[in-house]
Number of protein chains: 2
Amino acid sequence: MSGRPGRIKSNRKIRYPTTDYEKIFHPRTLAIVGVSAEESGVGFGTGMLKSIMAMGFEGKIYPVNPKGGNISGMEIFKRVEDIPEKIDFAVIAVTARHVPDALEACRKKGAVGAEILSSGFGEIGTEEGKALEKQLQQTAARGIRVIGPNCFGIYCPASGLTMLPGPDLSRISGPVAFLAQSGGMAIDLAHAGNYLGIRFSKMVSFGNGADLRESELLHYLADDPETQVISMYIEGIKDGEAFFLAIKEAASKKPVIVFKGGLSIAGQRSVASHTASMGGSRVIWQSILKQAGAVQVHDSEELAQANLAFSLLPKRSFNSISIIGGGGAIGVTACDTAEQYGIDVPPLPARLQDRIGNYLPKPGSSAINPVDVANPYVSPQNLKEVLLTAAEDQRIELQILDSLLYHYKPLAKMFGKPITEITPYKELARAVRDVVDQTGKPAIAVLPNPRRGSDDMDIMELVALTRQEYVHLGIPVFDELHDAIRAIDHINTYYGGRK
Amino acid sequence: MSGRPGRIKSNRKIRYPTTDYEKIFHPRTLAIVGVSAEESGVGFGTGMLKSIMAMGFEGKIYPVNPKGGNISGMEIFKRVEDIPEKIDFAVIAVTARHVPDALEACRKKGAVGAEILSSGFGEIGTEEGKALEKQLQQTAARGIRVIGPNCFGIYCPASGLTMLPGPDLSRISGPVAFLAQSGGMAIDLAHAGNYLGIRFSKMVSFGNGADLRESELLHYLADDPETQVISMYIEGIKDGEAFFLAIKEAASKKPVIVFKGGLSIAGQRSVASHTASMGGSRVIWQSILKQAGAVQVHDSEELAQANLAFSLLPKRSFNSISIIGGGGAIGVTACDTAEQYGIDVPPLPARLQDRIGNYLPKPGSSAINPVDVANPYVSPQNLKEVLLTAAEDQRIELQILDSLLYHYKPLAKMFGKPITEITPYKELARAVRDVVDQTGKPAIAVLPNPRRGSDDMDIMELVALTRQEYVHLGIPVFDELHDAIRAIDHINTYYGGRK
């Protein structure tokens, strides 16, 4: 592929095999092939067994190792064939050359699918590796869906399936599905989701994607009622047309966020050794994703932030916003950033400015929009009144409150109390939630923190606790104004484009 | 101004008044006009007095308040005139309408300059405010330099002068000067510098800039031997040509980093109420700064990161780098980012790849460049060998090591020990320092952390401690690869443009 593609047309109808995804994401019986024979053993199989148990998976688990024995109070079966009932799904974590037999055994045992954690296939570039991957595909064609190989597996909070190395992921389900050609990115997003308040329906790390991969999973998620937002990290695709059609279909039903890695020459080289797929040029990808109606992001932070915004904000665009914060320069920067993204920060009418001014210290404050609250100690009650008043401007569709909580540290010191005690962060989050409820207009909190040294752990804890309060109340929180505004822009791109 | 300017030519010679800056930044005698009469009083004057004392300022301090009395064991003088000796410098923090008299009194008392913390001047837009500011300028013209009004003052680690509200800023001097039309941005950068390892020579928050402001201060810093890097946040300038010439002069001698706020319509409106200056369009500013040889940044994080890179890395450009890290997707993203900034990530020669491979786990690792170390537990000793080997490639001019330290948490849990105990972070920093010393090639550490909830305070502490180790050894640390690569790009823009 080279040059910028014109408008893409395709009448191709893609038919995917009928797959009982219910048994893949919510298995009742699960084989883990490749646990260690001793309790103290390490390795992916044992790690996964312990992680799935720690997650409280309710189904039946059957560990498998040729040596037999016991692990975590369970009998280890010597062969998959010895398992006394049919299995729904399997985790396979044996050496690459033993994987094809294990997979075939699971198929015969009735498994609808298997995730293969083992590496040593196409991605290592040897003839042997490629041949082994081919064998997996042949077995898959006989009727078992393969996730992987060279992957971290499936995370499904509702069923308690978790990916490597995730014994401590959340069991709370939510609207976001994530498909990842990188296990590391998946586990990082799962952890980030935990504190950011992104809740997941399903995550699939599909590694080399020998069988079940991006396009087919997109097709499935497009109609999955548990999923409201689809996001993905992909490095290369096997069938460009199918991928385009799958995104287009999914994006016509729900937001699709795509982080495409390997847009550069060096990146493509890196992709080849990572997941053995082919990349594609920057401009082509940009065009394909835009035409398909997807939202493109460029790093894992931007991906997480877009997920956060799409999952916690109402399903519409926000073209006109208010920004309330402490410090004039922050307001200036916010405006500059908003303009770059085509978002309006309209000056409030004089009568609203007058009323807002009553709740702010003088001199130093400014009620125009951005509203500069002049100092960081303005009470949650007053900030609530400011937000309620600004929302009276019909044009305002969303409000951002930027709080410089670290300024409470000198105050806490002066009063000899911990910063977490002296800062009214719970009241602050409550006030913002009340404003959202009373006005029907969504709000975003921004909590910047330039103090992150080991002697400022108390500030970091305060920020974490404040974020937690907001997140519990359903208010998205960003570290920086720029992040918040860029996330709004992604929302506008998606919903604006659908008008 | 409108449209994009052509090449700017100017033969204008600007003459600035001779100013004894030594007495401004390193005063031996200091008046603080406007402390509260009671010990328990608050307010800018008292805050500044206590902050300067907490900083260990070695000069003589003379507090002033018409009521007299005592504060912190010092006699309060009722009038500036009563101070028993000549003063070098003054802090003025009285109500706006009393400021002109106080300033004149300080001038008569021999002060070379005064910082005026009070607001209520030009920035409030009233006739009275503007008239008061005019009066300050008239007094200044009679021979006292004014910093402010509506500012946070001067921070000079060497002398112990500090800005509002900064009792806890570092006393360690370093190469970076910062000029700020926003006090909040200055104090934030001072705090960020503390943990990032940016050391300052001088910081000046000049607020409305009634007298001493951006161009003249640039002219001074261009030849200040204590300053190696000049950075600034400006919202508007009073004399465009003088500013252009001052930047051009300074940038011919040392890096000048400029964060220009108020590039948008709304931002300019916000600028007007913040510091009463005029902004200018995005394209014009971009062109002016480029022609003047300055490096332009767009938010306070990027500003801090550029300062960090310029102050800790050698004075040259880095066009070809190696990236060593855990997780294939990180390498892919790094390449994509590097390409966007025109930085090369060349594949290492096969003989070096072979040797690097010996130090890495298999399968899963890749020694090409980016080097994917496959898992986050590779020892500092092995990482050192990898870095030493990669540096043998003559093309490599700088190395980046990306460490996913948060993966030590499950390991720490398994061994029942604190993460800060089980993670070899001191050895890691030491290893990187050794590599830099042995190879003569600089290195950057990247410490991403997707786990920042209140139940992951231990990970946050680990990251803070690891950063501290690196910083003590003179290695710059960034949160994200993208930040590191963008900072390198700024360096390349500056030194590349001077070839």
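In strand 16 of chain A, Gln399(A) is the bridge partner of Ser322(A). This is a predicted model, in which local features need pLDDT of at least 70, side-chain atom pairs count only at pLDDT 80 or more, and totals for chains, interfaces and linings use all residues. Residues are numbered from 1 along each chain as its sequence is written, while chains are lettered from A and ligands numbered from 1 in the order in which they are written.

Strand 14 (residues 321–325) and strand 16 (residues 398–402) of chain A pair in the parallel sense over five bridges; strands here are DSSP E runs of at least two residues, helices are H or I runs of at least four, both numbered from the N terminus, and pairing takes at least two DSSP bridges. These two strands sit in an open, parallel sheet of five strands, ordered 15-14-16-17-18. At its edges are strand 15 (371–372) and strand 18 (477–478) of chain A, each pairing on one side only.

Now for the place where the chains meet. The contact takes 62 residues from chain A and 61 residues from chain B, with two residues in contact if their C-beta atoms, placed from the backbone, lie within 7 Å. On the chain A side, helix 11 gives the most, with 10 residues.

What about helix 18 of chain A? Helix 18 of chain A is mostly covered, with 13 of its 16 residues buried, meaning that 20 or more other C-beta atoms, placed from the backbone, lie within 10 Å of the residue's own.

Definitions and conventions:
Buried ≥ 20, exposed ≤ 12 C-beta atoms within 10 Å, placed from the backbone.
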